[in-house]
Amino acid sequence: MSEKQESCKQCGRCCKAGGPALHTKDLALVKEGKIPLRNLITIRQGELAHNPITGSIAPTNVELVKIKGKGKDWDCCYLNAAAKTCSIYESRPEACRALKCWQPEELLEMVEKDTLSRLDILAEDDPIRPLVEEHEKLVRCPDMEEIAALRPKIPEPKRKALQSLVNEDIKFRVFAVQEHKLELSDELFYFGRPLFQLLQPLGAKVRETAEGLELSWI
């Protein structure tokens with residue numbers, strides 16, 4: 001009979017599953033610079049993501065701000081893979097403190113509850129805050145489940161609308177990056193992943209043309 005696990009074995013498997021979403025109690029870690037914005041990525045409401053409760057890929061019900069991953073397998077960026085240790089262990093987020101792989105109930109109870117959003121983090125007078133709000137209005141996340149169900153036979157009007165939205169997204173990002181001299185690492189926090197990247201796993205093939213990005217569906 002195998003011994004029942006009752007403590008962390010420091011195998012690093014949890015950290016290799018990606019960075020955690022941040023919760024309200026983690027706001028001080030961001031404000032104090034212990035977790036800088038460049039190490040965060042936004043998963044906008046409606047994006048497809050792994051739901052640990054159901055074990056399936058599904059649209060998120062809330063916006064999530066997560067610690068970025070790194071490498072091909074998207075390990076948590078704070079994982080020291082060689083030592084299998086966390087480089088910010090003393091300042092680790094609430095989800096990491098609650099995580100017990102042998103007893104996951106406490107962490108599962110936190111999923112999509114009391115989470116931080118970009119607007120929770122950005123000060124009222126932050127010059128990029130209005131851009132975040134405007135982008136959210138102009139480039140809302142489309143119904144990913146509907147797109148997945150329709151592919152590849154997506155009606156032409158919807159194809160055109162998605163292509164227009166993809167190019168609106170890129171145009172907005174280019175303006176924001178140039179106007180505020182943002183790095184890619186900053187952009188992924190402020191605006192999340194580009195829409196065309198979200199559509200690619202659903203069968204969208206992207207080609208750059210003189211008029212902008214062109215989508216075809218496979």
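Reader: Is tyrosine 190 buried or exposed?
Author: This is a predicted model, and in it tyrosine 190 has a relative accessibility of 8%. Buried means under 20%, so tyrosine 190 counts as buried. Phenylalanine 191 is buried too, at 0%.

Reader: How do I describe the aromatic pair that tyrosine 190 and phenylalanine 191 form?
Author: A pair of aromatic rings is described by two things, the distance of the centres and the angle of the planes. Here the centres of tyrosine 190 and phenylalanine 191 are 6.3 Å apart and the planes make 50°, which is a tilted pair. The whole structure holds three aromatic pairs. Tyr190 and Phe191 also belong to one aromatic cluster with Phe172 and Phe189.

Reader: Which residues have the most contacts inside the largest nonpolar core?
Author: Tyr190 and Phe191 again, along with Leu22, Ile35, Leu40 and Ile67, in a core of 23 residues. Helix 8 (184-191) is one of the elements that each supply at least two residues; with three, helix 8 gives the most. Another core, of 17 residues, lies apart from it and includes Phe196 and Leu213.

Reader: What does isoleucine 67 touch?
Author: Leaving out residues up to four places away in sequence, its contacts include Leu22, Ile35, Leu40, Cys76 and Pro93.

Reader: And serine 87, buried or exposed?
Author: Exposed means over 50%, and serine 87 has 54%, so serine 87 is exposed. You'll find serine 87 in the loop between strand 8 (85-86) and helix 2 (94-98).

Note on methods. Residues are numbered from 1 along each chain as its sequence is written. This is a predicted model: local features need pLDDT of at least 70, side-chain atom pairs count only at pLDDT 80 or more; totals for chains, interfaces and linings use all residues. Side-chain values use heavy atoms; hydrogens and water are left out. Helices (H or I, at least four residues) and strands (E, at least two) are DSSP runs, numbered from the N terminus. Buried means under 20% relative accessible area, exposed over 50%, partly exposed in between (1.4 Å probe, protein chains only). A nonpolar core is a set of buried Ala, Val, Leu, Ile, Met, Phe, Trp, Tyr and Cys residues joined through side-chain atoms within 4.5 Å. Contact means heavy atoms within 4.5 Å. Rings of Phe, Tyr and Trp (its six-membered ring) pair if their centres lie within 6.5 Å; planes under 30 degrees apart count as stacked, over 60 as edge-to-face and the rest as tilted.
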